[in-house]
Amino acid sequence: MKVLSVTSEIYPLIKTGGLADVAGALPPALGRLGIAVRTLVPGYPSVIARVTDGEVLHSFPALLGAPARLIGARIAGLDLIVLDAPELFERSGGPYADASGRDHPDNWRRFAALSRAGAEIAAGLLPDFVPDIVHAHDWQAALTPAYLRYFGIGVPSIVTVHNLAFQGQFPAAIFGALELPGEAYSLDGVEYYGGVGFLKAGLQCAWAITTVSPTYAAEIRTPSFGMGLDGLIEHRGAAVHGIVNGIDTEVWDPATDGLLAANFGARNLKGRQANRRAVETAFALDRDDAPIFVMVSRLTWQKGADLLLAVVDELVAAGGKLAVLGTGDSALESAFLAASAHHRGRIGASIAYDERLAHLVQGGGDAILIPSRFEPCGLTQLCGLRYGCVPVVARTGGLADTVVDANTAALNAGVATGIQFPPSTAEGLRDGLRRCLALFASPKQWATMQRQGMKADVSWDRSAALYAELFASLISDRGPTA
Ligand code: ADP
Ligand code: GLC
């Protein structure tokens with residue numbers, strides 16, 4: 001089976017969040033099941049810089065108006081098709097915004113071009129690679145199924161929703177430049193509240209929709225989590241699947257991780273001590289045996305960063321320390337810096353995107369706090385489990401699906417792996433922290449929970465098999481359901 005994955009981010013080449021991790025780790029996991037995945041990705045400068053011996057597979061004189069080439073390349077073990085279109089992608093800053101954080105005004109054209117290229121490949125543009133399935137990730141790739149449908153290309157397509165908060169909504173005036181037939185501007189096509197909705201179009205046109213955990217798949221059918229798309233998602237009910245993410249267990253392996261101060265395993269938890277010391281040094285925390293709470297996250301409302309700020313005084317008063325690594329809303333960034341100045345030695349904040357520190361805090365922190373208001377899947381709790389950094393999570397989305405709460409029954413059965421707290425409020429988090437501190441005070445119970453978490457299967461193996469099953473069922477299908 002051959003799969004074309006279409007994505008705007010892929011680890012280790014370009015990453016703003018978990019989408020990149022998934023796009024980078026799922027293909028090798030599917031590869032182990034005999035499925036050949038090639039990934040179409042924009043030729044941002046960081047990607048082009050890694051294309052050393054690429055092969056030009058096709059040249060478009062004008063792809064939605066921009067000259068473009070498809071370059072085949074194998075980078076970091078990934079089989080890539082790079083969309084080299086300098087007019088669209090040769091820019092400084094991140095994948096979506098300029099260096100000062102402003103979204104590029106032509107993002108609609110940039111990602112429509114990506115989707116259009118994906119549809120052309122599905123239609124047989126590259127004779128050596130004619131995919132059986134197209135797998136589009138998030139709004140940036142979500143027009144792919146729309147092009148497939150309106151160009152009459154019968155290749156099965158899947159849209160995976162990593163976060164319904166990002167929908168790719170643009171004014172109606174861009175419609176003409178998308179080069180779709182007029183009929184596509186309709187209620188069951190790309191039209192959305194008087195404009196063009198990229199994700200909406202994908203949800204409407206894809207043969208199947210997946211999202212990244214079963215709980216989030218259920219939540220997004222409701223007005224509280226559906227962000228306006230709940231009606232459509234409910235309508236496509238039979239086509240919607242929740243498949244939980246895994247992580248790359250080679251990149252995230254405490255026994256071999258070169259970014260740690262010391263390696264360790266479930267049988268050698270003492271090895272974590274050197275990492276604790278390194279976290280204390282990196283975050284200017286006091287050197288003592290108090291529990292180290294960590295947060296590694298975008299600092300945003302979704303992630304509940306403000307909820308953590310609301311309880312930091314109590315966290316410190318109860319004897320805890322806190323190391324925060326993240327970037328995001330500038331008011332939240334400043335508030336964490338102010339908290340660390342106020343609680344010198346007890347709270348440290350690194351306002352940065354730092355891969356090494358992200359690994360170190362998982363290896364040296366005692367508990368990772370994830371008070372998200374909503375969380376499609378979340379990956380940092382999976383890393384926490386694998387590294388013995390006990391997750392303390394809001395009971396929502398993928399967090400609810402991946403952490404076994406340390407209630408009395410789970411503790412007695414020895415199956416607890418972390419703490420879940422409902423609801424996602426400061427009061428909920430406060431309660432979670434109280435329960436966490438009580439467990440930490442019992443070293444034996446704590447170590448049992450750490451070991452149990454480290455035994456949990458956070459790999460891609462099971463979920464890759466679910467994707468494979470879905471792919472196979474679509475190939476034997478006749479068309480989109482519902
Ligand atoms: P989201 O994609 O919503 O941001 P996830 O938990 O799915 O959340 O994925 C976040 C990914 O980004 C994880 O791999 C995490 O380790 C990484 N990450 C988040 N913030 C930082 C940071 N400041 N420095 C390094 N890595 C980070
Ligand atoms: C999104 C979600 C996150 C998920 C990630 C990868 O960024 O916010 O919960 O883990 O995508 O699917």
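**Ligand contacts and cavity**

Analyst: In this predicted model, a polar side-chain atom of Arg 298 lies 2.7 Å from an oxygen atom of ligand 1.

User: What makes that a polar contact?

Analyst: The cut-off is a pair of N or O atoms within 3.5 Å. Arg 298 has a polar side-chain atom 2.7 Å from a ligand 1 oxygen, so the pair qualifies. Asp 21 also places a polar side-chain atom 2.8 Å from an oxygen atom of ligand 1. With Leu 379, a backbone N or O atom lies 2.9 Å from an oxygen atom of ligand 1.

User: How much of ligand 1 does the protein cover?

Analyst: On its own, ligand 1 has 560 Å² of accessible area, and the protein covers 92% of that.

User: Which elements and domains build the shell around ligand 1?

Analyst: Helix 1 (18–31), strand 13 (292–299) and strand 14 (321–328) each give two or more residues. Strand 13 gives the most, with three. Domain 1 (2–246 + 461–478) and domain 2 (271–455) each supply at least three residues.

User: Why is the space lined by Val 3, Leu 26 and His 135, among others, called a cavity?

Analyst: In a cavity, a 1.4 Å probe fits but cannot get out. The search finds one such space of 30 Å³ or more. The largest cavity holds about 40 Å³, so it passes that size limit.

User: What makes up its lining?

Analyst: The lining of the largest cavity has seven nonpolar residues, three polar and no charged. Helix 1 supplies the largest share, five residues.

Note on methods. Residues numbered from 1 in each chain as written. Chains lettered and ligands numbered in written order. Predicted model: local features only at pLDDT ≥ 70, side-chain atom pairs only at ≥ 80, totals over all residues. Heavy atoms only, no water. Polar contact = N/O pair within 3.5 Å; in protein donor to acceptor, adjacent residues only side chain to side chain. Areas by Shrake-Rupley, 256 points an atom, 1.4 Å probe, with all protein chains shown as cover. Helix = DSSP H or I, 4+ residues; strand = E, 2+ residues; numbered from the N terminus. Domains from an automatic or database assignment. 1 Å grid on protein atoms, 1.4 Å probe; cavity = no way out; pocket = protein on both sides within 12 Å on 5 of 7 lines; lining within 4 Å. Points joined across faces, edges and corners; volume = space filled by probe spheres on them. Nonpolar A, V, L, I, M, F, W, Y, C, P; charged D, E, K, R; others polar.
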